[in-house]
Amino acid sequence: MLKNAVGRNVPKRLFGREYLPYAGAYSTAPKGRRAGRRYRTNIITPENRRIYDDLEKVIRKVGLKDGMCLGFNHNLRYGDLVICQVMDTIASMGIKNLTLASTALFPNHEPLIEHVHSGVISEISGSLNGPIGKAVSIGEVNVPTSLRSHGGRARAVECDDLHLDVAFVASPAVDLMGNMNGCQGKSAFGANGFANETDSVYADHVVLITDNLTEEPVTPVSIRGSNVDYIVTVDKIGDPNKIVAGSLGRNVTGRHTAIAEEVITVAQAAGYIKKGFSFQAGAGGVSLATVHYLEEIMTEKKLTGSFIHGGTTEAAVELLEAGIFQRIYDGQSFDLTAVKSLKENPLHIESSVYHSYNIYAPGGPLANYVDVVALGATEIDLDFNVNVNTHSDGLLLHGIGGHTDAAAARLTIITCPISRKVPIVRDRVTTISTPGEMIDVVITNAGIAVNPKNSKLIKQLKNSDVAILDMKDLRDMAYGEAEIIEPEFTDEICTAVEYRDGTLMDVIYRVNT
């Protein structure tokens with residue numbers, strides 16, 4: 001075992017893969033060349049075709065066999081039907097020992113556990129949310145799993161750390177030329193940020209799964225037909241009404257609004273809220289309340305921001321339509337208002353996870369150009385390390401998402417209560433998802449702490465009305481109002497937690513049940 005830069009002991013080799021230990025947020029430079037997709041073994045002539053209504057036939061045509069790796073996109077989130085449809089078909093064909101490399105899995109994908117038990121799936125790579133993650137923690141799913149951020153997955157695909165033999169892309173609108181976008185059709189999910197510059201470019205074979213094959217040209221084009229091998233028509237790819245679920249469906253509470261108001265106060269005291277300001281927040285209660293306060297202050301000061309970045313909600317669309325921000329760069333649409341806006345408003349621009357979050361993207365990812373980002377946490381510790389993957393009982397219930405990538409902003413703020421049923425502010429987090437060196441401020445319902453590394457920010461806030469506490473003060477208050485739970489782990493590693501550059505940030509051990 002080697003000790004990495006955040007003090008975690010990590011193995012040099014895990015699940016048959018060699019790892020470098022995490023060395024720092026920007027310490028590991030890329031090497032070698034980008035991956036290249038292989039030539040297809042088939043030639044499309046005027047006499048043959050690539051559009052089918054038979055998924056099994058297309059699976060045979062791409063030459064899917066035991067031991068391959070499959071890519072999927074999760075844009076429909078809790079409403080996705082494609083992943084289970086494809087894996088059920090593959091299972092019926094007797095193909096086994098596959099790596100499932102979906103960008104994320106949700107509770108609606110729980111039936112995939114049976115495919116693990118039957119040997120169809122032998123490894124899982126990607127964000128795990130809910131039942132499958134829990135099953136990994138308790139040993140019900142006993143296959144290697146790895147967590148990557150959205151940008152980390154794009155990097156892994158690009159450099160062939162994660163080689164995709166076949167990418168199956170849920171596609172709300174596809175034309176006869178194979179062009180695709182996500183903002184048209186009955187299953188429209190909006191921005192197609194996961195597959196448009198990653199899976200569709202680097203996978204050996206690309207298969208679009210659609211419930212809306214149209215003779216009319218699809219515009220704007222998200223994935224070009226020149227990157228598509230086959231199109232499969234199905235009755236339904238998913239339910240877009242279920243995009244808003246889980247943390248996205250939370251109501252705004254009084255505690256949310258109090259924390260959100262402090263976010264704006266800190267950002268203003270630090271000098272960021274001015275003409276040309278750029279911003280990113282999630283879709284939970286604090287984020288929605290933060291957008292509300294941001295609208296108030298920018299309207300009052302008659303300021304116009306440059307852009308909003310990241311996953312997009314109705315609240316962000318309202319800022320765009322009011323002229324408070326000039327444009328939105330959207331990699332994932334989080335509600336149907338955002339889907340509609342992307343379709344109709346030319347200032348609402350589809351980005352890609354590659355462009356937004358890949359640490360090795362030429363010129364740097366868009367996340368580097370964001371002034372202020374407000375993110376959540378399951379736990380945060382005295383070194384400002386953030387956990388968004390496991391709960392204090394050790395169970396793996398959440399993926400990294402874009403958390404670590406978005407933390408590259410100029411001012412990164414973590415918002416959370418000091419406790420829920422257990423302390424959120426702790427001596428050490430259960431799992432490190434985002435390293436403390438990327439975090440500038442922690443804003444809780446009990447006070448604000450600033451990372452000591454950011455001496456400039458401390459000076460700015462001390463010259464304002466913002467009261468600064470030490471993280472130990474927040475920790476003591478958290479321990480005083482909630483019971484500390486220490487999980488009991490076995491000595492078996494079940495999950496690798498990669499940093500966005502592919503180094504090993506942490507490992508998750510199986511929970512002793």
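These are my notebook entries on one protein chain and the spaces inside it.

**Entry 1: ground rules.** I am looking at a predicted model, where local features need pLDDT of at least 70, side-chain atom pairs count only at pLDDT 80 or more, and totals for chains, interfaces and linings use all residues. Residues are numbered from 1 along each chain as its sequence is written, and side-chain values use heavy atoms, with hydrogens and water left out.

**Entry 2: the whole chain.** I looked up the secondary structure and found 14 helices and 31 strands. Both are DSSP runs numbered from the N terminus: helices are H or I with at least four residues, strands are E with at least two. Next I checked the overall span: the C-alpha trace covers about 75 × 55 × 40 Å along its principal axes. Of the 513 residues, 60% count as buried (under 20% relative accessible area; exposed is over 50%, partly exposed in between, with a 1.4 Å probe and protein chains only).

**Entry 3: the end of the chain.** I found Thr-513 in the segment after strand 31 (504-511). Is Thr-513 buried or exposed? Thr-513 counts as exposed because its relative accessibility is 76%. I also noted Ile-138, which is 375 residues away from Thr-513 in sequence, yet their C-alpha atoms are 6.5 Å apart in space.

**Entry 4: cavities.** My search of the whole structure turned up three cavities of 30 Å³ or more. On a 1 Å grid over the protein atoms alone, a cavity is a set of points where a 1.4 Å probe fits but cannot get out; a pocket is an open set with protein on both sides within 12 Å along at least five of seven lines; lining residues have an atom within 4 Å of a point. Grid points are joined across faces, edges and corners, and a volume is the space filled by probe spheres set on the points.

The largest cavity holds about 90 Å³. Its lining has 14 residues, with Ala-281, Gly-282, Val-291, Thr-313 and Ala-316 nearest the centre. Which strand gives the most to this lining? I found that strand 19 does, with four residues. The lining of the largest cavity has seven nonpolar, seven polar and no charged residues (Ala, Val, Leu, Ile, Met, Phe, Trp, Tyr, Cys and Pro are nonpolar; Asp, Glu, Lys and Arg charged; the others, Gly among them, polar).
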